[in-house]
Amino acid sequence: MIRKIIHIDESKCNGCGACAAACHEGAIQMVDGVAKLTREDYCDGLGDCLPACPTGAITFEMREAPAYDEAAVKAAQAAKKAQEPLACGCPGEMAKTLRPAATPAAAPVAQGESVSQLSQWPVQIKLVNSMAPYFQGCRLLVAADCTAYAYANFHQRFIRGHVTLVGCPKLDSVDYSEKLTEILMRNDVKSITVVRMEVPCCGGIELAVKKALQASGKMIPWQVVTIGTNGTILEEM
């Protein structure tokens, strides 16, 4: 049948993965760092992915394509949901509140060594329980995982006093905005700090927070800090 469907100009794709995150139907996947329409029958033609693309690589076109298969999309979404790890599964996923300020006297910190400021576990966005008690009244840090390696004073500058969530929008084939929306809806989050790298693919984590804020309907103060690949803070806004 002839119908409206998206077209991805791969020559314009910067590999940020924002379109794949915005496509709730799962029609778009990242393949070798490039966005591809892998399931035409999953594309509903509504174009949620268009505004998510920072380079304008996605457009509409009218062409021969399979009909949108809503039943198949729902089945795939249900299967994906069933495969998501539960907070009560692996011991590494169990919610824990940490107390970084309470360093045991029996374990003295070596001269010049920093003390961890991490206040909770787990930290991966995919693994956290949106109803974990540490989210209530917290100051939330949402960071691209490379930032902690690039910025030397990350614990003192960003993690201290925050509940920390990390992820990579390019490597993780999930929509972070869904989990972040749950967290914002279920908890009284006081503020959000987004820390990203200067590379374009990191725009996906900033976009996920923006979408979550819009979906939650809450007015929460938030800021974005951009780290350069040389380890310096390039921008705070």
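**Close-up views of a predicted model**

View 1. Cysteine 201 is found in the loop that runs between strand E9 (191–197) and helix H7 (203–216), where helices (H or I, at least four residues) and strands (E, at least two) are DSSP runs numbered from the N terminus. This is a predicted model, in which local features need pLDDT of at least 70 and side-chain atom pairs count only at pLDDT 80 or more, while totals for chains, interfaces and linings use all residues. Residues are numbered from 1 along each chain as its sequence is written, and side-chain values use heavy atoms, with hydrogens and water left out. Is cysteine 201 buried or exposed? Cysteine 201 counts as buried because its relative accessibility is 17%, and buried means under 20% relative accessible area, exposed over 50% and partly exposed in between (1.4 Å probe, protein chains only). Leaving aside its neighbours within four places in sequence, cysteine 201 is in contact (heavy atoms within 4.5 Å) with Gly15, Cys16, Pro169 and Lys170. The C-alpha atoms of cysteine 201 and cysteine 168 are separated by 8.8 Å, although these residues stand 33 residues apart along the chain.

**View 2. Cysteines without disulfides.** A disulfide is a covalent bond between the sulfur atoms of two cysteines, and here it is taken as a pair of cysteine sulfur atoms within 2.5 Å. A search of the whole structure finds zero disulfides. Cysteine 53 is in no disulfide, and the nearest cysteine sulfur, that of cysteine 16, is 6.2 Å away.

View 3. In helix H6 (residues 176–186), the buried residues are Tyr176, Ser177, Lys179, Leu180, Thr181, Ile183 and Leu184. The cover over these buried residues of H6 includes strand E7 (139–144), strand E8 (163–167), E9 and H7. A nonpolar core is a set of buried Ala, Val, Leu, Ile, Met, Phe, Trp, Tyr and Cys residues joined through side-chain atoms within 4.5 Å. The largest such core has 24 residues, of which Phe135, Leu140, Val142, Leu165, Leu180, Val189 and Ile192 touch the most other members. At least two residues of this core come from each of E7, E8, H6, E9 and H7, and H7 gives the most, with five residues. Leucine 180, when its neighbours within four places in sequence are left aside, is in contact with Val142, Leu165, Ala208, Val209 and Ala212. Apart from this core lies another, of 16 residues, which includes Cys23, Ile28, Cys43 and Cys53.

**View 4. The loop between strands E2 and E3.** Glycine 33 has its place in the loop between strand E2 (28–31) and strand E3 (34–37), and aspartate 32 lies in the loop between E2 and E3 as well. Glycine 33 is partly exposed, with a relative accessible area of 31%, whereas aspartate 32 is exposed, with a relative accessible area of 78%. Not counting residues up to four places away in sequence, glycine 33 touches Gly15 and Lys170. The C-alpha atoms of glycine 33 and asparagine 14, which are 19 residues apart along the chain, are separated by 8.1 Å.

**View 5. Two features of the backbone.** Most residues other than glycine have a negative phi, and most peptide bonds are trans. Aspartate 32, although it is not a glycine, has a positive phi of about 55 degrees. The peptide bond from tryptophan 121 to proline 122 is cis, with omega near 0 degrees, and proline 122 lies in the loop between strand E6 (120–121) and E7.

**View 6. Charges over aromatic rings.** A charge sits over a ring if NZ of Lys or CZ of Arg is within 6 Å of the ring centre and within 35 degrees of the ring normal. Lysine 4 lies over the face of phenylalanine 60, at 4.4 Å from the ring centre, and arginine 39 lies over the face of tyrosine 42, at 4.1 Å from the ring centre.
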